[in-house]
Amino acid sequence: MAWRPSSKSARPGELTLEFERVLPAPPAVVFRAFGDANELARWWGPNGFTTSSLEFEPRVGASYRIEMQPPEGDRFYLTGQFREVDAPARLAFTFAWADPDPDDVENQVDLSFRDLGDSTEVAFTQGPFKTEDRRALHRDGWTDSFDKLERLLSAQA
């Protein structure tokens, strides 16, 4: 997985996170892993975290809420709104912590799914971030999540 510190769509000086990842399933299956609450709950979040509850039904303009439980400490919430839903090609949504850290800002996640036959290339962009530390936190969380998703999809193949 190649990480790049900025995106072509970012404004100069904006901190964004961008990468591509090839997953071992066709686009419809990969999109369902991102778009179906039951599927999402199976792999979402950093290692050791669980997804306690989800209000997640991708429709343009609809809101979502994900409850996350770390291995230690209190659960917390992620909220946002769907901006684009074009199955199985694109998914875009805002991303905000319900009780944000002072360095958190609402940002947007954009996912594109490219058909490679038996696999799918996912192009991911998230931003902007206020600080490098917050971008690194998200990079680590998404890396763990994509690793879990890849293992799940490989086991289903």
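Ala89 counts as partly exposed, at 30% relative accessibility (partly exposed lies between buried, under 20% relative accessible area, and exposed, over 50%, with a 1.4 Å probe and protein chains only). The model is predicted: local features need pLDDT of at least 70, side-chain atom pairs count only at pLDDT 80 or more, and totals for chains, interfaces and linings use all residues. Residues are numbered from 1 along each chain as its sequence is written, and side-chain values use heavy atoms, with hydrogens and water left out.

Ala89 sits in the loop between strand E5 (76-86) and E6 (strands, E, have at least two residues and helices, H or I, at least four; both are DSSP runs numbered from the N terminus). Beyond its neighbours within four places in sequence, Ala89 contacts Phe31, Leu111, Ser112 and Phe113 (contact means heavy atoms within 4.5 Å). Asp101 is twelve residues from Ala89 in sequence, yet the two C-alpha atoms are 32 Å apart.

The largest nonpolar core holds 34 residues (such a core is a set of buried Ala, Val, Leu, Ile, Met, Phe, Trp, Tyr and Cys residues joined through side-chain atoms within 4.5 Å). Phe34, Trp44, Phe95, Leu111, Trp142 and Phe146 touch the most other members. Helix H3 gives the most to this core, with five residues. In soluble globular proteins, nonpolar side chains tend to be buried together. Not counting residues up to four places away, Phe95 touches Trp44, Tyr64, Leu78, Thr79, Val105, Glu106, Asn107, Val109, Gln126, His138 and Trp142.

On a 1 Å grid over the protein atoms alone, a pocket is an open set of points with protein on both sides within 12 Å along at least five of seven lines, whereas a cavity is a set where a 1.4 Å probe fits but cannot get out; lining residues have an atom within 4 Å of a point. Grid points are joined across faces, edges and corners, and a volume is the space filled by probe spheres set on the points. The pocket is lined by 13 residues, of which Pro46, Met68, Trp97, Leu137 and Gly141 are the closest to its centre. Strand E6 (90-97) and helix H3 (132-156) each supply at least two lining residues. H3 provides the largest share, five residues. The pocket lining has nine nonpolar, four polar and no charged residues (Ala, Val, Leu, Ile, Met, Phe, Trp, Tyr, Cys and Pro count as nonpolar, Asp, Glu, Lys and Arg as charged, and the others, Gly among them, as polar).

One cavity of 30 Å³ or more is found. The largest cavity holds about 50 Å³ of space. Its lining consists of Trp97, Asp103, Asp104, Val105, Asn107, Pro128, Phe129, Lys130, Arg134 and His138. Strand E8 (120-129) and H3 each contribute at least two of the lining residues. By class, four are nonpolar, two polar and four charged.

Eleven salt bridges occur in the whole structure (a side-chain nitrogen of Lys or Arg within 4 Å of a carboxyl oxygen of Asp or Glu). Glu39 pairs with Arg42, with the closest N and O atoms 3.5 Å apart. Both residues lie in helix H2 (residues 37-43), three residues apart, about one turn of the helix. Arg42 is partly exposed, at 47% relative accessible area. A salt bridge also joins Arg114 and Glu121 (3.1 Å, N to O). Arg114 is partly exposed, at 46%. Arg139 bridges to Asp140, with closest N and O atoms 3.7 Å apart. Arg139 is partly exposed at 27%, as is Asp140 at 43%. Salt bridges with shared partners link Arg21, Asp147 and Glu150 into one network.
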